[in-house]
Structure formats: C-alpha cells, structure tokens
Amino acid sequence: MIQLKTLHDRNMASDFRMPGNVKFGVGAHKNLPEEIEKYSPTKIAIVSDKGVANAGLVKKLENILEQTGVPIFTFTEIVGEPTFKLVETVTHKLREENCDLVIGIGGGSALDVAKTAAALLAQEKIAHFLSGREQIGPRSTPCILLPTTSGTGSEVTMNAIFGDEEQGLKRGIVSPALLPDLAIIDPELTVSCPARVSASSGVDAFTHAIESYISVRGTPLTKIFAEKAMRLFPKYITRAVHNGTDLESRTGMAWVSALAGVSLANAGVGAVHALAYPLGGKFHIEHGVANALLMPYVFEKIGKTCTDELVEVASFLQLGDYSQHPNKALDAVVHYLLELLDTLNLPSTLKELGIPEDSLPALAESASKVDRLLANTPYKLTEEAIKEIYENAYFGKVGVLVK
C-alpha cells in the first residue's frame with residue numbers, strides 16, 4: 001500500500017512533468033520521418049557518441065532521415081562522462097550549423113548533451129545557465145530523444161548530469177526545458193548495448209526507482225511509476241545482461257528505465273546519487289557503476305528511516321512478506337543489492353575500482369555538499385556518516401543487520 005504520510009506532512013502542491021509525447025514499441029524509430037514533418041525543420045542535428053556510431057545506429061538513423069530531404073549535421077564526439085565545457089562546445093557548433101531540430105540518440109551522456117544543447121540554442125549566456133545560477137528558460141528548438149540503453153531515463157526527465165572540471169565533481173542541472181518534445185523508446189535500439197553497460201545502466205534505473213520511491217518529495221503518483229519499475233526489474237535485468245538479443249527482456253528493461261525515469265524526474269533521487277557524483281567527477285567512474293556499487297552501503301545506513309517503504313520494496317522484488325517483521329526488510333533489500341552486483345558481474349568495492357583509500361575523506365567532503373540530493377533523503381547524513389559509507393564500500397563491509 002502506498003504511504004501517504006510524506007505528501008500529507010509536506011502540506012504543499014506538487015507538479016508532475018513528463019515529455020509531451022512518448023512513443024514506445026519495437027520498431028518505433030522507423031516512424032521518425034513522419035514525426036519530423038510536424039516541426040518543419042531546415043536542418044537536423046544528430047547528437048550521439050562513437051560507440052553508438054560504431055554499432056551502426058547513427059548511420060541507420062541517417063538513412064531513415066534522408067527520406068525527409070532535410071539536410072543533416074551529425075556530431076558523434078560525445079564522451080562517456082561529458083563535461084559542461086563539452087555541452088558549451090556542442091551548443092556553439094549546432095548554432096554555427098543553423099540546426100533547428102535536435103535529435104539525440106545514445107545513452108544518458110549523449111541524450112543529456114543533446115537536450116541541453118537544444119535548450120540552450122536560443123540562449124545568449126550559455127555559461128550562465130550551465131553554472132546553475134539560473135534555470136534554463138523555455139526551449140524554442142524542438143528536441144527528439146532515442147535511448148540506446150535502458151537505465152538513465154534521460155529521455156523522460158528534466159535533469160542532465162555533467163562533469164564540473166573546476167570543482168572535480170559531477171553536477172546536475174534541472175529545467176522543464178530539458179524535457180524533449182518527443183521520446184521514442186524502441187527496445188530494438190538497445191539490443192547492441194554491451195553486457196557491462198546493460199548491467200550498470202539497468203541497475204542505475206533501479207536506483208532511480210528505489211530512491212524516488214523513498215524520496216521526501218515522493219507522491220502517490222510518482223510512487224506508482226517507481227513501484228511498477230521495481231516489480232519489472234528482477235524479471236528482466238539478468239536476461240537482458242546475459243542474453244542481450246532477447247527482445248522480451250530488452251523491452252522489459254526499457255519499461256523499467258522509462259517508468260523509473262518519470263518517477264525520478266518528479267520525485268528526485270537522493271544519497272546514492274549524491275555519493276556517486278564525486279566518484280564520477282574525480283575518478284571518472286561510470287555513473288551507473290558508481291550507483292550500483294554504493295546502493296547497498298547507502299541503504300544500510302539510511303534504511304532505518306524508511307522501514308515501511310522497504311517492506312513494500314521487498315514485496316515488489318519478491319523477497320518475502322516482512323509486514324509482521326518490518327525491521328528485517330532492510331536486511332533483505334541490502335543483501336539483494338549485494339547479490340545483484342555479483343550476478344551482473346559488477347564491482348562490489350571501491351578498492352576494486354582502484355580508488356585510493358586516502359581519497360575517502362575528500363570524497364565525503366564533496367558529497368556532503370550535494371545539498372539538493374541529500375535533502376531529498378529521509379536520513380540526514382553528516383559528512384562523517386558519508387565517510388563511513390565510503391569506508392564500508394571501500395572494504396566491502398556490511399554490518400550485521402537486524403535479524
């Protein structure tokens with residue numbers, strides 16, 4: 001049963017946003033030419049990365065778009081952990097090319113850059129908005145996003161995450177302008193996604209679901225999306241990772257990503273993401289890997305403040321009925337998350353990733369400053385508590401929980 005106490009306690013109105021149009025289904029990307037006609041563009045920009053290009057998906061998209069007769073400019077220099085500087089570079093390049101429709105195809109990095117560049121094309125002070133001093137205003141350039149992974153949910157969110165080279169961390173920007181006009185979610189486009197990326201992005205989607213479910217900004221509406229994502233996740237994640245050509249599991253994980261993304265966009269995420277940002281900013285650890293690794297250690301610390309929700313999460317994951325013994329739900333969920341890392345061949349300690357032990361205090365200091373996400377967590381984490389989480393994650397130490 002969805003808990004109503006959070007919404008009642010906040011005693012405030014809540015918004016709910018998602019893209020104006022979402023097309024979901026195998027082969028949905030093939031209808032792109034007729035969608036393009038609605039915007040009457042004079043030049044189309046395709047924004048992607050070399051991995052997606054090497055998989056042949058960018059060329060496939062170009063061939064489909066050639067039916068429109070509209071000139072195309074293709075940019076495939078997006079890197080795995082894009083920076084704010086790269087976003088600025090891409091925006092200027094699309095402006096020079098006079099592009100008036102932006103299509104992003106790829107994982108979260110490519111989609112984040114594509115939608116942010118589209119939102120900034122008509123803005124004069126690009127760096128001003130990227131600094132976070134002001135929210136990006138309404139977007140005038142149409143934007144279409146096609147994910148090739150199932151995890152970030154970028155195609156349905158108003159969030160974008162980039163590396164801040166000056167501060168040495170990852171930082172998010174949030175604006176309704178980052179919601180695309182159209183999200184085309186085609187499981188067929190995810191079949192070429194490598195196993196490691198399928199694993200890390202898939203667990204990233206689950207992180208979005210569980211963190212938004214316990215979020216202090218969560219509402220009954222956002223919890224509906226998060227709950228469905230968590231119910232689907234264990235049914236499809238292992239098959240999608242270890243048998244990537246299985247279109248049924250790819251379809252299931254595409255739903256997980258989209259549903260969790262909608263919940264994330266409206267309820268937000270919390271401490272797991274806050275602690276993951278410095279790992280990405282300082283050591284360039286992939287976002288999904290960082291989230292997956294940190295999740296069991298973070299929840300061991302914060303889970304005691306969201307016991308009711310974790311009883312429900314345990315039920316969604318088919319871990320058992322803990323309604324009569326709610327304190328044991330935390331144990332079950334944490335151990336599920338640890339076993340998941342092993343099942344999906346993902347690292348389970350920071351030591352495995354080569355993170356220096358002496359860097360943990362600096363990581364804790366950086367994470368403690370991610371106020372927007374920490375404030376969304378139902379447990380008030382101090383810098384010392386965050387350092388303890390990093391230490392546990394470094395050594396793979398999970399305490400003895402309530403039995």
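How many bridges join strand β6 to β7? Six bridges join strand β6 (residues 159-164) to β7, and the two strands run antiparallel; two strands are said to pair if DSSP finds at least two bridges between them. Helices (H or I, at least four residues) and strands (E, at least two) are DSSP runs, numbered from the N terminus.

This structure is a predicted model, in which local features need pLDDT of at least 70, side-chain atom pairs count only at pLDDT 80 or more, and totals for chains, interfaces and linings use all residues. Residues are numbered from 1 along each chain as its sequence is written, and side-chain values use heavy atoms, with hydrogens and water left out.

The whole chain may be considered next. The chain contains 17 helices and eight strands. Its radius of gyration is 20 Å, close to the 22 Å that the globule rule gives for 403 residues, so the chain is as compact as a globular protein of that length. This radius is taken over C-alpha atoms, and the globule rule is 2.2 Å times the number of residues to the power 0.38. Of the 403 residues, 60% are buried. Buried means under 20% relative accessible area, exposed over 50%, and partly exposed in between (1.4 Å probe, protein chains only). Among contacts (heavy atoms within 4.5 Å) between residues at least 6 apart in sequence, 79% join residues at least 24 apart.

Strand β2 (residues 44-49) has six of its six residues buried. In a regular strand the side chains alternate between the two faces of the sheet. In β2, Ile44, Ile46 and Ser48 point one way, while Ala45, Val47 and Asp49 point the other way. Strand β2 pairs in the parallel sense with strand β3 (residues 72-78) over five bridges, and Ile72 in β3 is the bridge partner of Ile44. Strand β2 also pairs in the parallel sense with strand β4 (residues 101-106), over four bridges; here Ala45 stands opposite Val102.

The antiparallel pair of β6 and β7 forms a hairpin with four residues between the strands. Gly168, in the turn, has a positive phi of about 70°. Phe162 stands opposite Arg171 in β7. Strand β7 (residues 169-174) is mostly covered, with five of its six residues buried.

Asn63 is found in helix α4 (residues 57-65). Asn63 counts as partly exposed because its relative accessibility is 39%. Asn63 and Cys306 are 243 residues apart in sequence and 50 Å apart in space, C-alpha to C-alpha.
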